[in-house]
Amino acid sequence: MFSTTQKIGILGGGQLGKMLCLAAANLDLKTYVLDASPDFPAGQVCTGFVAGDFKNYDDVLAFGREMDILTIEIEHVNTDALRELERLGKVVHPAPDILDLIKDKGLQKEFYVKNDIPTARYELFDNEKALRKAVESGAWQLPLVQKTRSAGYDGRGVAILRTMADLDVKLLTGPCLAEELAPIRTELAVVAAQNAAGEVSVFPPVEMDFHPEANLVEFLLCPARISPLEAAEAEALAERVIRTFDVCGLLAVEMFLTTDGELLVNEVAPRPHNSGHHTIDSAATSQFQQHLRAICNLPLGATTQKSPAVMINLLGEPDYRGPVRYEGVEACLSVEGVYIHLYGKAMTSPFRKMGHVTVTAETPEKAIKKATFVRNTLKVKSDSKN
Ligand SMILES: Nc1ncnc2c1ncn2[C@@H]1O[C@H](COP(=O)(O)OP(=O)(O)OP(=O)(O)O)[C@@H](O)[C@H]1O
Ligand SMILES: [Mg+2]
């Protein structure tokens, strides 16, 4: 039943939390955020802010006791407390057990294989020494991708090992997995949603291009430059993946379209995703509203893309650290179809995600052209240099 007095508790107060709160306000849904500081992005727009640590059992339990529905904007939260909250009758989406599975890239890969979901071939290793041995003995050949099993974020838990020398400088420590390097033609992300009644909807695939140094998505295009058949296959795969995980809420499915035209699932995120930000300005329903509809068991919204769009992340310029200053805002705002979203982080640092811009146009080419102008014009700096 629809009720605007239900309290939605969000673990994490970053930009994803902020945009969830903004979307909730449109339906007069009440949002409460748990994170370290009300100065974080979501603290400025939520109904209520609770200071605490979302990784801490007691903090999450105390926070959740006051809520009706709990959700997340970051995976690395205390799932034991979420399980206890479920036992206490709270609605928790995504389910804590699924969160635990997804948080561990090893378990995630096992899940794909077990459920016949296409993914790059892999092997688990207890630590980096065991992986090194496997390479030295020829059991694994270079190039390969090493991923730490947990705590990966923004590419930080990923190393692409191409040469034996890379083993000395790039090898990451701890339990890990080795994965075959996929011959990627296009990196795709498909954001899917499922509500508690089992209704599923899928946004059109987006194409992701990466910043080589920061390993963050720098440029995202929707619709992706793939064939209609490939798009339909990617959407069908995302639907199968969300149904198999049985996630309630959003599930962003990152995929590789290989040079052979094969789709491989890379990883999933059970929450709003960077690759869905363009939906705020260019889709019939935003991913944030879709997540809220799903976790409140409301009918899902249409996922139609209204016009081609490019999304770029606004990253802190490499040489600046300190109180943030934005350059070029006016010049970008004077261009039609440019939508600037600043997250409200007081301090910038190299490659920190400070905001994003969605650019819409009649054609993908025009959107790319305008986005390139924005990329060259809008700069995140500080008065103090690094
Ligand atoms: N098997 C693979 N073959 C080729 N490239 C890969 C492979 N696995 C990962 N990559 C590259 O590394 C990037 C980061 O990998 P992944 O998405 O698994 O890590 P992550 O740390 O969770 O990143 P993020 O949080 O930014 O999504 C991928 O987007 C892709 O460009
Ligand atoms: Mg990823």
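This is a predicted model: local features need pLDDT of at least 70, side-chain atom pairs count only at pLDDT 80 or more; totals for chains, interfaces and linings use all residues.
Which residue does Glu327 stand opposite in β21?

Residues are numbered from 1 along each chain as its sequence is written, and chains are lettered from A and ligands numbered from 1 in the order in which they are written.

**View 1. Strand β17 and its partners.**
Strand β17 covers residues 322–327 and runs antiparallel to β21 (residues 379–382), with 4 bridges joining the two. Here is the reply to the opening question: Glu327 stands opposite Lys379. β17 also runs antiparallel to β19 (residues 347–348), this time with 2 bridges. In that pairing, Gly322 has Thr348 as its bridge partner. (Strands pair if DSSP finds at least two bridges between them; strands are DSSP runs of E, at least two residues, and helices are runs of H or I, at least four, numbered from the N terminus.)

**View 2. Helix α1 against helix α10.**
Here α1 (residues 15–26) packs on α10 (residues 287–295) at an angle of about 70 degrees, with the axes 8 Å apart. Axes are lines fitted to C-alpha atoms, for helices over the stretch in contact, and angles run from 0 to 180 degrees between N-to-C directions. The two helices are therefore roughly perpendicular (65 to 115 degrees; under 35 is roughly parallel, over 145 roughly antiparallel, and the rest oblique). On the α1 side, look for Met19, Leu20, Ala23, Ala24 and Asn26; on the α10 side, Phe288, Gln289, His291 and Leu292. Contact here takes C-beta atoms, placed from the backbone, within 7 Å. By class, that gives 6 nonpolar, 3 polar and no charged residues (Ala, Val, Leu, Ile, Met, Phe, Trp, Tyr, Cys and Pro count as nonpolar, Asp, Glu, Lys and Arg as charged, and the others, Gly among them, as polar).

**View 3. Helix α2 beside helix α3.**
The axes of α2 (residues 57–65) and α3 (residues 79–87) come within 8 Å and cross at roughly 30 degrees. That makes α2 roughly parallel to α3. Tyr57, Val60, Leu61 and Gly64 of α2 meet Asp80, Ala81, Leu82, Glu84 and Leu85 of α3. Sorted by class, the contact has 6 nonpolar, 1 polar and 2 charged residues.

**View 4. The domains.**
The protein is divided into domain 1 (7–92), domain 2 (121–180) and domain 3 (184–382), with bounds from an automatic or database domain assignment. The C-alpha centres of domain 2 and domain 3 lie 28 Å apart.

Terms used
Two residues are in contact if their C-beta atoms, placed from the backbone, lie within 7 Å.
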